[in-house]
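Subject: Structure handover

Hi,

Here is the structure I promised to pass on. Please open it and keep it beside this email as you read.

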Amino acid sequence: MSGGYNEIHPEPTTFWSKYIISFDHKVIAKQFMWYGIFFLGLGGMMALLIRWTLTYPGQPFPIIGNLLFPHSAGVVPPDSYAMLFTMHGTIMIFYAITPLLIGAFGNYCIPLMIGARDMAFPMLNMLSFWFAFLSGIVLVASLLLPLGAAAGGWTSYPTLSTMIGSPGAGQTLWCVAIFLFGVSSTMGAVNYVTTVITLRAPGMGYFDMPLTIWGLWLTAILNAIFVPVLGAGVILLTMDRVMGTTFFLAGASATSGSGDPVLFQHVFWIFGHPEVYILILPAWGIVSDLLSFFSRKPAFGAKSTALAMTAVTILSTLVYGHHMFTTQMSPLLTQSFMTLTMTISIPSAIFFANWLGTIWKGSIRFDSPMLFSLGVVFVFGLGGLTGLHLGTVSTDIYLHDTYFVVGHFHYTMAASVLLGGYAGLYFWFPKMFGRMMNETLAKIHFWGTMIPLNGIFFGMLMIGYGGMHRRIYNPFVYESLQRLIPINTLVTQSAILMGAFQIVFVINLIWSLYKGKKAPNNPWNVGTLEWTIPSPPVHHNYDVIPVVKCGPHELGNPNLKNGRDFQYQTEELVQGPA
Amino acid sequence: MKRSELQNNLAMTIALISAAMLFVTLFMGYAVYRSSAEAWPPVGMAHVSLTLPFLSTIFIAVSSWFCFQVKNLVAINDLKRANRNLNLTMLMGVGFMISQSFLWLQLKESGIYVTSGIFASVMYGFTWIHAVHVIGGLLALVYLKIVLRPKTNELLQKTINVERFWHFLGIVWFAMFMGMFVF
């Protein structure tokens, strides 16, 4: 495992070494970005197919329906419906959000923001992307199987996911794909943690790191510890499916000596609960920084934000049981898990209050990254509050497996993370590609995303509270759900609207890539290290490794005399007259 | 400590924590199966004879000792003797795999098939997962053999990384031996 150790590598010269098997963290970040955007589109299409089926059952999906489902005249059949919600969840979590937030921003921001020339292990970094790529191919290939892809839900609970519930090879390929993705994530995590610890620029203490880096670093730590837990789970599940073991088979299906289907749920959520923080922590970090940058004020209580995020990271490992209150867990355990879950509200409330403290009395600039960041504050607030209902045993037993859960987790780990990802993309695009994105289109994209997004997920909360179960194919056949049809329709129409507005983003992205205004070195006037170098940065990032002399959020200091309202991290902190 | 050493040690530690979590999960599952079983091994299944698992333990322990010597010899730059010890490490590693294969054969001959329920699942499944890692370890040893030359960059660091992984596999096996075969 030999690495770069912060030396200048020779610049690659061929197309192959420059863009395909590149060792450059900036190129790998872009590879992850396109990978993530591709899967975001694919997962988004699946979401539309799901919503269409729920609101217009029996009607062919417009335009591409006949192409996708020729045997049912364009209508989504029930088995394909199960496959769609399974693959939607899997794709969005592992193949869209993870590569975008962790793969793209992690790779791009970590070395640049800590003043390093590359990751600690560039080759491992390259391998991490190609493992993810291979995993993506396996997953997409499973869609083409005769019996289709996995259809046991993204959680793949046995017995739905054993040979009894899913006889096709789709579920097996799902396991293989997830395992490969886990290998990729672990490689990335090893790299990120090591890089942050060993390659910070001279003078940069842990609390001088931007909060983005804190989020990514904590995420990497969780990844390294908990992704292998899921790895073990999917290996055993694969053995059950392929080799005839009975780890997760019980009762009649296990011939002698019983396995335990619920054990998989434990294994899944020991990984799964940290996973939701794995996804949200980078977004929290990005938002914590951007709120300060665009309020032209130091981040309120930056140190306590970092420590609160650390506390959430630690607590996140102790609460997984709240996903399983209805599995006949001992009341003593449910009470303990409930208490621990409620404890997470404390650090969450701390950094949430810090966010509000940051924008309080700031001279706020409503540029697109700020709009998206404020969007995160709003939707994460809603997502967090609805989490209280689900973390409480007495209300969870009623709400378990309803659309309330779907609404809640979409607010927290879909809406928040998506908006956080967009905020980061609009913010770092000038640095990544050397061109500005169109601000008007970006604002249209923001409102076109934000308003329908709340229509979708708040609608889901309401129909869930009204009693609509998850994963049902046709809500129209249940008399009790008839009265929810208008809200269901609102959700679907909002989804279509939101989907349509993403086209604005894609147009903006492609157009700006080639025709966008040339970006200056520091278009947003902020002081973190990546803005001290040209946009886009040269191959080795820094000709001279910078020396850090102050924190990342030195904005609006009244003692600044040089006509700027911010100072770079490489400048001595400006003090007032003693 | 040089930065490169720190990076390597740190990265290897994190990688080993990751790998350990995989096995910890397996042991957790084992604890659940074993504690919820009415009888272990289930009625009608005999205890697995300790001879072969014990032999495997000897093999992997001795190989770890040779591997330790490889590192010490690389540290004093005695590559010739290091190479000899590396060969012995690999030989013992292969010996471990052969011993494990006989263990699987023995299980099969005593009527315990992979499909024979949870006891068999644990016995075969967990030892297979460990064996796959041992094969990975053997490949790492082959890699070390290839780079065991005076001109290799950071040879000692590479040796230490491979050595640590090899010891890790020994420790995991020892935990399996005690938890699944002895007790």
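Below is what was found, taken one feature at a time.

First, a caution: this is a predicted model.

**Helix α7 of chain A**

Start with α7(A), which runs over residues 211-242. It has 32 residues. From its first C-alpha to its last it reaches 45 Å, close to the 46 Å expected at 1.5 Å a residue. The helix still bends, by about 35 degrees at Ala224(A). A proline, Pro228(A), follows within four residues. How many residues of α7(A) are buried? The count is 29 of 32, so the helix is mostly covered, buried being under 20% relative accessible area. Just after α7(A), look for Gly244(A), which has a positive phi of about 90 degrees.

Next, go to Trp34(A), Val506(A), Ile510(A) and Tyr514(A). Together they make a nonpolar surface patch of about 410 Å². Which helix gives the largest share of the patch? That is α15 of chain A, residues 485-515, with 3 residues. Ile510(A) lies in this helix. Is Ile510(A) buried or partly exposed? Its relative accessibility is 40%, so it counts as partly exposed.

**Helix α3 of chain B**

Last, turn to chain B. Helix α3(B) covers residues 79-109 and has 31 residues. It reaches 45 Å from first C-alpha to last, close to the expected 45 Å. Just after α3(B) comes Gly111(B), with a positive phi of about 85 degrees.

Best wishes

Definitions and conventions:
Residues numbered from 1 in each chain as written. Chains lettered and ligands numbered in written order. Predicted model: local features only at pLDDT ≥ 70, side-chain atom pairs only at ≥ 80, totals over all residues. Heavy atoms only, no water. Helix = DSSP H or I, 4+ residues; strand = E, 2+ residues; numbered from the N terminus. Expected span 1.5 Å × (residues − 1). Bend = angle between axes of the 7 residues up to and from the residue. Buried < 20%, exposed > 50% of the residue type's maximum accessible area, 1.4 Å probe, protein only. Patch = residues over 30% accessible without salt bridge, like charges linked within 9 Å, V, L, I, M, F, W, Y side chains within 5 Å. Areas by Shrake-Rupley, 256 points an atom, 1.4 Å probe, with all protein chains shown as cover. Salt bridge = Lys/Arg side-chain N within 4 Å of Asp/Glu carboxyl O.
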